[in-house]
Amino acid sequence: LVDGNKIPDITLPVKAVVKAIVKGDNLIPAISAASIIAKVDRDAEMIKLHELYPKYGFDKHKGYPTKFHKQAIQQYGILDFYRKSYKPVKELL
């Protein structure tokens, strides 16, 4: 089960049926739980990134495109792990 309206292009080790469910995190308990786990894990990763790159403020914006985050990218540059398709990054490349 996938939260959203698109099925990701992935290869699974077993034959499986993949189903996209719009607003699945509100409808399916397993998707809700996965969403919470993903956000907790992402927040922990953002704290680690903040320790390595404190000027970027990852502990505050958690990677979201806030005004502060965009300013930090412009002031300090693009980090290797940034998604190149992320609009503020793409504009600076």
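Helices here are DSSP runs of H or I with at least four residues, numbered from the N terminus. With that noted, I opened the model, which is a predicted one.

**Entry 1: His69**
I looked up His69 and found it in helix α4, which covers residues 67–76.

Next I checked what His69 touches. Skipping residues up to four places away in sequence, I got Phe58, His61, Gly63, Tyr64, Tyr82 and Tyr86. I also looked up His69 against Pro88: they sit 19 residues apart in sequence, and their C-alpha atoms are 9.4 Å apart in space.

**Entry 2: His61**
His61 was on that contact list, and I followed it up. It belongs to helix α3, residues 58–61. His61 has 5% relative accessibility, so it counts as buried.

Which residues does His61 contact, leaving aside neighbours within four places in sequence? I found Tyr56, Thr66, Phe68 and His69. What joins the side chains of His61 and His69? The answer is a polar contact of 3.5 Å.

**Entry 3: Leu52 and the surface**
Then I went looking at the surface. Leu52, Tyr53 and Phe81 make a nonpolar patch there of about 300 Å². I picked Leu52 from the three and traced it to helix α2, residues 29–52. Its relative accessible area came out at 61%. The cut-off for exposed is over 50%, so Leu52 is exposed.

**Recap**

Methods:
Residues are numbered from 1 along each chain as its sequence is written. This is a predicted model: local features need pLDDT of at least 70, side-chain atom pairs count only at pLDDT 80 or more; totals for chains, interfaces and linings use all residues. Side-chain values use heavy atoms; hydrogens and water are left out. Helices (H or I, at least four residues) and strands (E, at least two) are DSSP runs, numbered from the N terminus. Contact means heavy atoms within 4.5 Å. Patches are made of residues with over 30% relative accessible area and no salt bridge: like charges are joined within 9 Å, nonpolar side chains (Val, Leu, Ile, Met, Phe, Trp, Tyr) within 5 Å. Accessible areas come from the Shrake-Rupley method with a 1.4 Å probe; for residues, only the protein chains shown count as cover. A salt bridge is a side-chain nitrogen of Lys or Arg within 4 Å of a carboxyl oxygen of Asp or Glu. Buried means under 20% relative accessible area, exposed over 50%, partly exposed in between (1.4 Å probe, protein chains only). A polar contact is a pair of N or O atoms within 3.5 Å; within protein, one must be able to donate a hydrogen and the other to accept it, and residues adjacent in sequence count only if both atoms are side-chain atoms.
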